[in-house]
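Me: I would like to go through this structure with you. Could we begin with how a contact is counted?

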Amino acid sequence: IRMLDVVRQVDFGRLVVAARSLGLAQACLDASVGYADLRTAFGQKIGSFQMIKQQIADMVCEVAAARELVSKAARLYDAGTIATREVSIAKYFAGEVCNRAAQATMEIFGGYAFSDELPISIYLNYAKLYQTGEGSANLQRVLIADDALGWKRMDRHASAARRA
C-alpha cells in the first residue's frame, strides 16, 4: 500500500464521520424546532422562551457552518485533492457541533429525551461516538494546531500525489 492510498483512506473515513455528524446535528435541530413549536408550558409554546430560542439559533448557525466545511472537504476529496487539512477541520467541527446539538436537544425535550419512544437519547450516544471515531476531537485539535503552527503540515503528501 502506498502512503498516498493510506492518506486517502484516512481522509475518507474522517469525511464520512464528519458527514454523519452533520446529518445527526441536522436531525437534532429538526427535532428541537418541531418540539419547541409543539410543546407548551405556562400557557405558551416553549419556542417562545428566550433560552430555547438561543439554543435553536445556535444550532441553526453551527449546522450551517458545519455543512459548508463538510461540503468543501467533500468537493476537494472528490476532485482527487489531498484534503487532509479540510477533512480534519470538518470532522472536528462537525463532531463538536453534533455534540452541542444533541445536548441542546436533550435539554429542550427535558424528561421526554429519555423516553424509549423518542430517539433523543440515541442521538446523544451517536454524537459521542462521532466525536471520537476516526480520530478523537483532541487528536484533530493537535493536527490542526500543528498544521497552523507549521510544525507538521497536513498537506505534506500533496507533492507525492502530484507526482503519482
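Reply: A contact means that heavy atoms lie within 4.5 Å. Please keep in mind that the model is a predicted one.

Me: Leaving aside neighbours within four places in sequence, what is Ile120 in contact with?

Reply: With those neighbours set aside, Ile120 contacts Ala31, Thr105, Met106, Phe109 and Ala113.

Me: And which residues touch the most other members of the largest nonpolar core?

Reply: Ile120 is one of them, together with Val70 and Ile108; this core has 37 residues. At least two core residues come from each of helix H1 (3–38), helix H2 (50–78), helix H3 (84–109) and helix H4 (120–132).

Me: Let us step back. How many helices and strands does the protein have?

Reply: There are six helices and two strands. Read from the N terminus, the order is α-β-β-α-α-α-α-α.

Me: What box do the C-alpha atoms fill?

Reply: Along the principal axes, the box is roughly 65 × 30 × 25 Å. The accessible surface comes to about 9200 Å², and carbon and sulfur atoms hold 58% of that.

Me: What share of the residues is buried?

Reply: Of the 164 residues in the protein, 38% are buried. As for contacts with a separation of 6 or more, 74% join residues 24 or more positions apart.

Me: Turning to H3, how many of its residues are buried?

Reply: H3 is mostly covered, with 19 of its 26 residues buried.

Me: What span should H3 have, and how far apart are its end C-alpha atoms?

Reply: At 1.5 Å a residue, the 26 residues of H3 should span 38 Å. The end C-alpha atoms are 37 Å apart, which agrees with that expectation.

Me: What follows H3?

Reply: Gly110 follows H3, and its phi is positive, near 60 degrees.

Me: Which residue has a positive phi of about 55 degrees although it is not a glycine?

Reply: That is Phe42. Phe42 sits in the loop between strand S1 (40–41) and strand S2 (44–45). Its relative accessibility is 79%, so Phe42 counts as exposed, the cut-off being over 50%. Glu134 is also not a glycine and has a positive phi, of about 60 degrees. Glu134 is located in the loop between H4 and helix H5 (137–149), and it is partly exposed at 42% relative accessible area.

Me: Now charges. How many salt bridges does the count come to?

Reply: The count comes to six salt bridges. In general, side chains of opposite charge can pair when their charged atoms come close.

Me: Which residue meets Glu62 in a salt bridge?

Reply: Arg100 does, with 3.1 Å from N to O. Glu62 belongs to helix H2 and Arg100 to helix H3, so this pair ties together parts 38 residues apart in sequence. Both count as partly exposed, Glu62 at 22% relative accessibility and Arg100 at 37%.

Me: And what does Glu96 pair with?

Reply: Glu96 forms a salt bridge with Arg141, and their closest N and O atoms are 3.8 Å apart. Here Glu96 is in helix H3 and Arg141 in helix H5, so the pair ties together parts that are 45 residues apart in sequence. Glu96 counts as buried at 11% relative accessibility, whereas Arg141 is partly exposed at 36%. Salt bridges with shared partners also join Arg85, Asp147 and Asp155 into one network.

Me: What about Lys45? Which side chain does it meet?

Reply: Lys45 meets Asp37 in a salt bridge of 3.3 Å, N to O. Lys45 is partly exposed, at 41% relative accessibility.

Me: Back to H1: is Met3 buried or exposed?

Reply: Met3, which is in helix H1, is exposed, with a relative accessible area of 51%. Together with Val6 and Val10, Met3 forms a nonpolar patch on the surface, and the three have about 230 Å² of accessible area together.

Me: And Leu4, buried or exposed?

Reply: Leu4 also lies in helix H1, but it is buried at 14% relative accessible area, since buried means under 20%.

Me: Last one: how far apart are Ala64 and Leu22?

Reply: They are 42 residues apart in sequence and 9.2 Å apart in space, C-alpha to C-alpha. Ala64 is in helix H2 and counts as partly exposed, at 38% relative accessibility.

Definitions and conventions:
Residues numbered from 1 in each chain as written. Predicted model: local features only at pLDDT ≥ 70, side-chain atom pairs only at ≥ 80, totals over all residues. Heavy atoms only, no water. Core = buried A, V, L, I, M, F, W, Y, C linked by side-chain atoms within 4.5 Å. Buried < 20%, exposed > 50% of the residue type's maximum accessible area, 1.4 Å probe, protein only. Helix = DSSP H or I, 4+ residues; strand = E, 2+ residues; numbered from the N terminus. Patch = residues over 30% accessible without salt bridge, like charges linked within 9 Å, V, L, I, M, F, W, Y side chains within 5 Å. Areas by Shrake-Rupley, 256 points an atom, 1.4 Å probe, with all protein chains shown as cover. Salt bridge = Lys/Arg side-chain N within 4 Å of Asp/Glu carboxyl O. Expected span 1.5 Å × (residues − 1).
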